[in-house]
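Visitor: I have a structure to read. Please show me how to go about it.

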Amino acid sequence: MTPSENIDALIDGLTDWRGATLASLRKAILEADPDIIEEWKWMGSPVWSCDGNMVVGNAHKEKVKLTFSHGASLPDPDNLFNNGFAGKVWWSIDVFEGDTIDPRALTELIRSAAAYNRNKKEKKANAAPRPKAQKTTQV
């Protein structure tokens with residue numbers, strides 16, 4: 001199965017509120033940028049990427065969690081992040097039954113994540129190559 005088919009199957013298997021929630025979050029993520037691709041990693045987790053991992057989605061017993069690879073570096077004017085603040089890199093959004101996430105705000109956050117990855121990739125491509133280390137021989 002393709003990653004998108006695996007994600008479809010995951011959502012279809014979640015017959016409670018978590019399936020509908022993950023489906024709506026997925027829709028907002030995919031609408032953010034046409035270059036976003038879906039991947040299936042880490043033994044069964046949906047991952048959305050654009051020039052690198054951006055966000056991992058998981059359905060837990062009592063919540064749906066979106067974990068952003070570089071969440072701590074992203075602007076969040078709508079205060080969507082509500083977990084992971086102790087982390088220096090990974091931040092997340094925990095969605096519980098009855099919670100609503102503004103799709104416009106999520107789309108903007110995803111666009112910021114894509115821009116962050118593109119900028120990081122561009123900086124790496126423009127960086128001067130590092131000189132190779134010389135082996136020294138001791139006498």
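Visitor: At what angle do helix α2 and helix α3 pack?

Guide: Helices are DSSP runs (H or I, at least four residues), and strands are runs of E (at least two), numbered from the N terminus. In this predicted model, α2 (residues 17-32) and α3 (residues 103-126) pack at about 50 degrees, with axes 8 Å apart. That makes α2 oblique to α3: under 35 degrees is roughly parallel, over 145 roughly antiparallel, 65 to 115 roughly perpendicular, and the rest oblique.

Visitor: Which residues of α2 and α3 meet?

Guide: Contact means heavy atoms within 4.5 Å. L25, A28, I29, E31 and A32 in α2 meet P103, L106, T107, I110 and R111 in α3. Seven of these contact residues are nonpolar, one is polar and two are charged. Ala, Val, Leu, Ile, Met, Phe, Trp, Tyr, Cys and Pro count as nonpolar, Asp, Glu, Lys and Arg as charged, the others, Gly among them, as polar.

Visitor: Which element gives the most to the lining of the largest pocket?

Guide: Rolling a probe the size of a water molecule over the atoms shows where empty space is left. α2 gives the most to the lining, with seven residues. α2, β5 (91-96) and α3 each supply at least two. The whole lining divides into eight nonpolar, five polar and five charged residues.

Key
Residues are numbered from 1 along each chain as its sequence is written. This is a predicted model: local features need pLDDT of at least 70, side-chain atom pairs count only at pLDDT 80 or more; totals for chains, interfaces and linings use all residues. Side-chain values use heavy atoms; hydrogens and water are left out. Axes are lines fitted to C-alpha atoms, for helices over the stretch in contact, and angles run from 0 to 180 degrees between N-to-C directions.
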